[in-house]
Amino acid sequence: MDTGILILRLLVGLLVAGHGVQKVSFHLGGRGLDGGTEEFRADGFRGGVLTALAAGGGQIGSGLLLAAGFLTPLAATGAVGVMTVAATVKWRNGLWVQNDGYEYPLVLIGAAVALAATGPGAWSVDAAIGLTPFPLWWTAVVLAAGAGSGLLARLVLHRDPAPVRR
C-alpha cells in the first residue's frame, strides 16, 4: 500500500507543481509570468501579475509538499484550493477535458482528498518526523477548507462580465 500511495503522491504532487511552474516561467511549456498573467485576465480574473504569482506559487508549494508527503493535510488543502479555482474556470465547458472541461482539475481534487484520507504513507517526510497518522476527520477539513478557499478566491478575484449595451 505504501508504494501505491508514494506513486500517487509523486504523480499528483509533481503535476500540480508543474502546473504552477507553467504559470510563472517558461519551463514545462509555460509562457512566462506575462503569459500566466494574460491567461488569468483572459479567464476574467483581476490582479494580473499578483494573481498569477499567487496561483503559481500556491500550485508549486502545495504540489511539492504533497509529493514529499510533508504537512500532507495542508498540502492537500492547497491543491484542492487551486484546482477548485481551475474547475470553476472550466465549469461552463462541462465535465470532459476534450471540451476544455473540468475533468482534470476534478481528478486532482479527488486524488488530493484521497491522500488526505489515507495519509502520505510510510515513505514520506510526515512519517519520518512522526507526524502521522492524521485523524480521518482531517479529510473533511481538507475538502471544506480547500474548496472554500478556491471558491472565495474566485468570488473575490473574478470580474463580473461587462454589461451588454443596447
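**View 1. Leu 71 is partly exposed, with a relative accessible area of 32%.** Here buried means under 20%, exposed over 50% and partly exposed in between (1.4 Å probe, protein chains only). This is a predicted model, where local features need pLDDT of at least 70, side-chain atom pairs count only at pLDDT 80 or more, and totals for chains, interfaces and linings use all residues. Residues are numbered from 1 along each chain as its sequence is written, and side-chain values use heavy atoms, leaving out hydrogens and water. You will find Leu 71 in the loop between H3 and H4; helices are DSSP runs (H or I, at least four residues) numbered from the N terminus.

**View 2. Lys 23 and Glu 39 meet through their side chains in a salt bridge (3.5 Å, N to O).** The pair ties together parts that are 16 residues apart in sequence, because Lys 23 lies in helix H1 and Glu 39 in helix H2. A salt bridge here is a side-chain nitrogen of Lys or Arg within 4 Å of a carboxyl oxygen of Asp or Glu. Lys 23 is buried, at 6% relative accessible area, whereas Glu 39 is partly exposed at 32%.

**View 3. Asp 100 and Lys 90 form a salt bridge (2.6 Å, N to O).** Asp 100 sits in the loop between H4 and H5 and Lys 90 in helix H4, 10 residues apart. Both partners are partly exposed: Asp 100 at 42% and Lys 90 at 24%.

**View 4. Glu 38 pairs with Arg 31 in a salt bridge, with the closest N and O atoms 3.5 Å apart.** Arg 31 is partly exposed, with 46% relative accessibility.

Definitions and conventions:
Helices (H or I, at least four residues) and strands (E, at least two) are DSSP runs, numbered from the N terminus.
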